[in-house]
Amino acid sequence: MPAVTVDNPLTLPKVAAQSDAAARPVLAVTTAPSGFEGEGFPVRRAFAGINYRHLDPFIMMDQMGEVEYQPGEPKGTPWHPHRGFETVTYLIDGTFIHQDSNGGGGTIENGDTQWMTAGSGLLHIEAPPESLVMSGGLFHGLQLWVNLPKADKMMNPRYQDIRGGEVQLLASPDGGALLRVIAGELDGHQGPGITHTPITMIHATVRPGAEVTLPWREDFNGLAYVLAGRGTVGAERRPIAMGQTAVFGTGGSLTVRADERQDGHTPDLEVVLLGGRPIREPMAHYGPFVMNSQAELKQAFEDFQAGRLGTVPAVHGM
């Protein structure tokens, strides 16, 4: 980790907050519990215990791995339905194959992102390729769920395949932080992901002892999740480490700093920064469906059971 990088960040466009931008305070730092998803791959539930008013428009995020699989161990998920939101799978290390009943899908690896808008509903599967199952190997990624407003919940499904080489690469003024803008924009620099709900998603690598203060849209919320390493967040330098999420308050900038000393396995602080414009609509969430009311949830289950969300292809190539 990470898969997408540059030899010299100083050659990249520089980003820094204005000196008079109001610093966002840190409201809370939470620790993600560990669990298992799908057919048994290990995850950390990044947003567990955080009130939804601080997450909106994000629903959940799982860190998948980091795990070094032995031959025969790599696992995925069975076919399953989705309706009413978008799933974002960002693969840092390893390979995953995706397919949905709407005809979308493909292979993502080493810095690629799969962005699936479930909308009105579809069936979906994700699994490692047979070669990885046979050989084993490193697997590490994220899956983020982004809510859709009521007006877009029943839109036609859509699939985006974002290659790692397409992300917008930026740097802090001293080159101590490398910023990968996957979706949304940062200081006028646009990432490749097309979103219905306005959000920003950034994977930052911060060198030991380096600090970065980024401009942040005041109409967005602010979250930072540590994939690896340790450091501090906010101007108050609140400690944060692997598997923890920082919730920021309001303001025009946010700050992340890497500790001078990292562990031997992780040379840098690796952090995902998220911001989005809150939807502020009622949310009814159960399993793979995210709607606005219990009646709409009931209808989603009925539609799934009746086969109206699609059917599993006879040959799916997994």
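Which residue stands opposite Glu 86 in strand 9? In this predicted model, Thr 117 of strand 9 takes that position. Residues are numbered from 1 along each chain as its sequence is written. Because the model is predicted, local features need pLDDT of at least 70 and side-chain atom pairs count only at pLDDT 80 or more, whereas totals for chains, interfaces and linings use all residues; side-chain values use heavy atoms, with hydrogens and water left out.

Strands (E, at least two residues) are DSSP runs numbered from the N terminus, and two of them pair if DSSP finds at least two bridges between them. Strand 6 (residues 85–93) has nine of its nine residues buried, so the rest of the structure largely encloses this strand. Here, buried means under 20% relative accessible area (1.4 Å probe, protein chains only). Strand 6 pairs with strand 9 (residues 113–117) in the antiparallel sense over five bridges. Strand 6 also runs antiparallel to strand 11 (residues 137–147), to which eight bridges join it. In strand 11, Val 146 stands opposite Glu 86.

A further set of four strands forms an open sheet in the order 18-23-20-21, with antiparallel pairing. Strand 18 (211–215) and strand 21 (238–241) each have a single partner strand and stand at the edges, so one side of each lacks a neighbour in the sheet. On average, neighbouring strands of this sheet are turned by 25° against each other, direction ignored; the axes are lines fitted to C-alpha atoms, and angles run from 0 to 180 degrees between N-to-C directions. Five bridges connect strand 18 with strand 23 (residues 253–258) in the antiparallel sense, and Val 212 stands opposite Val 256 of strand 23.

Key
Buried < 20%, exposed > 50% of the residue type's maximum accessible area, 1.4 Å probe, protein only.
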